[in-house]
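Thanks for coming. I will take one model today, starting with a sheet and then moving out to the whole chain and its partner.

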Amino acid sequence: MELKTFRGGIHPPYQKEATAANWTEDISLPAEVVIPMQQHVGAPNSPTVNVGDRVDAGQKIGSSEAFISAPVHASVSGTVKAIEGRSNFTGAQVQSVVIEVDPSQPPKWAEKKDTGSLSAEQIRDVAKEAGLVGLGGAAFPTFVKLSPPADKRIDTVIINGCECEPFLTCDHRLMLERADDLIGGLKLMMRAVGADKGIIGVEANKMDAADALTAKLGGDSSIEVVPLEVKYPEGAEKMLIDAVTGRRVPPGKLPSEVGVLVQNVQTAVALHDAASTGKPVIDRVITVTGRGIKEPKNVLVKVGTPISHVIDQCGGFAGTPGKVIMGGPMTGWAQKDLSAAVVKGTSGILVLGKDEVDYGAERQCVGCDKCIDACPMFLMPNFIVKYTKRGKYDEANRFGAQDCFECGCCAYVCPSRISHVAYVRKAKAELAAAEKK
Amino acid sequence: MANHDLVVTAPPHIKGKDMVSTGMRDVAIALIPLIVMSLVFFRLYALVNLVAAVATALACEYVMRKLMGREPTLGDYSAVVTGLLLALVLPPTVPFWWVMIGVIIAVAIVKELMGGLGVNLFNPALFGFVSLIIISRVFGPIKLGYSLGGINGVTSATPLTFIKGGVLSGLRPGYWNLFLAHGGGALGEVSVLAVLVGAAYLLYKGHITWHIPASIIGTVFVLSAILGENPLYMILAGGVMLGSFFMATDWVTSPDTKLGQVIYGILIGVLIVVIRLYAAPTGAVAYSILIGNAVTPLLNRVLAIKRFGAVKSVT
């Protein structure tokens, strides 16, 4: 059978073997956690606690009146040590609540209650109160996505189980280890938006997960597991919708335009946790891997844990690290030090060796067109770069700067080692600045 | 924790294997069957010209980049490819110093003075070749001869001679000769099969796509048939195959969109037939591709790709 997919894209080496087969592990708690007031797309939160306050794990410590926002919670029980600006994983200064962790943490959220009676409205409330955001990395507030505009009918909810980023396996593990909660979360989402159909899209390199989910579903015909071609970026929202349903979301529009809602595996699991136990988003599974890590594994980490602590818990560095990346290798953020904290949208910590990060110097574009063939959005990345270099941002946009979602396929295939994504970001920033004037 | 001197750059943090150097190296590899065939047929003549061309190209690029204060790029194989291609489009009877002049024009003027690989408007090897044709016409003494007879009886007339006229049509080589091996014309015209083997390698490696060669060859075939010429002979004889797969597909000087590439291919195909039939057969492929090169920036400007999910293309 030919697997479903989209047009364009690339086949990087997937390098998932180091962590794909191992059960997710817990790690010890750090001495302190740093909880940024903004971990999502939208308005930042204001702290609702003061320095010196005692906080309980799961207690809300930051909230906002804005519609597009998501509250944050204390991920551990402890004492608020400071409320100050800290560098987050992008290097930006973000107001953060620093909590000194108590030595003993009482167990919580052990009891599960049935979620079958929750109404659509109640499910949205659960998502909002839990501070749930897209845990695949985009970190868009989930309850906003669960509240589509009245004129758009959603008929299908797709769970993104592609995990198309090389190296990462946390979604793969969750599909295997928490299949029931994943299916439960998907059903809640379907109910929240009134969709009849649920689809779990899984890349064909994770057939064990696809089979496990199919087995769990039994005869449930409302949910289907769809295997997809192994290709990056299969899990990008628009690509996934195209691959699974054949519908293409128009430029500048949201998936609701074509009657679809897409959510990540971990988001569905977290929604089910929040609905059944009341547990907000205070921890998540991340993949810690790469040649520069001694013991690559998937770990359950409290939000706010510094990268350095996570790396220590995975045996520390193997050799001299060249690059420490928060997220996957295609879209993640390179860190200048190890102080940034794991946030809700962190999917992994990848450590590349010194010899893996010498890409060769950027040179003049030679017009090979490989970037155009690779672009899943059918843009012309070479021209975006050309005009951005000249400061002609409107021209850059004519070739698609603002439609680019920065998957990095162009830069991956470029024989001239051009960093297209950096130019696209520059063009977007300049275009946004020009619009404000 | 100790400072590890971490590298911080924009994503992606992994890159594909293709570099400009590996791409150009693959083009050189793809030319090996053709080079071998030309050596079999023309022996020392081919060897001297090929070596002179590549050595001159490398030396010329090195000197030019030094003079212009640019980083050396000898390792990217681009000069090697230019040298090889120029030697291949010339007949074996051309003296080696004449080949060297062509290479100097190609590398020093067409490539480096225009700003280096990537900025050049024209295919350097073809521009060098056409310059030689023009110079030979202006300065009579040097005959860029496609003479009948020739080297040790191996060389025969360029098959292109038989396209027009028809008086000699009984002497023209057969299809199988042209396809497998035939000692007329330029070094690179000895064997269509050798060209196709190299082309298959480039297609397999993903460095070229079918769009440009298929549109050129298809157009030449169909248009020749319409105009009452022998279509098979038109595509097998002369430089149509070499030009379509190795020259017109040049990364730098060909259009960037698939639609642009097809239009460019059709344009080149039409020009090849028209120039061959109504002007001079020698150099028809080269002239046509250079005109195609000149139109490329326009094609890149006016043809937009239909965006993902868009109803119609936005320009």
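First, a term: two strands count as paired if DSSP finds at least two bridges between them. Helices (H or I, at least four residues) and strands (E, at least two) are DSSP runs, numbered from the N terminus. This is a predicted model, where local features need pLDDT of at least 70, side-chain atom pairs count only at pLDDT 80 or more, and totals for chains, interfaces and linings use all residues. Residues are numbered from 1 along each chain as its sequence is written, with chains lettered from A and ligands numbered from 1 in the order in which they are written.

Now the sheet. In chain A, 4 strands make an open antiparallel sheet, ordered β2-β8-β7-β4. β2 (32–36) and β4 (54–55) of chain A each have a single partner strand, so they stand at the edges with one side lacking a neighbour in the sheet. β4(A) runs antiparallel to β7 (residues 78–87) of chain A, and 2 bridges join them. Opposite V55(A) is G78(A), in β7(A).

On to the chain. Chain A has 14 helices and 17 strands.

Last, the partner. Contact means C-beta atoms, placed from the backbone, within 7 Å. Chain A puts 54 residues into the contact and chain B 32.

Technical notes:
Two residues are in contact if their C-beta atoms, placed from the backbone, lie within 7 Å.
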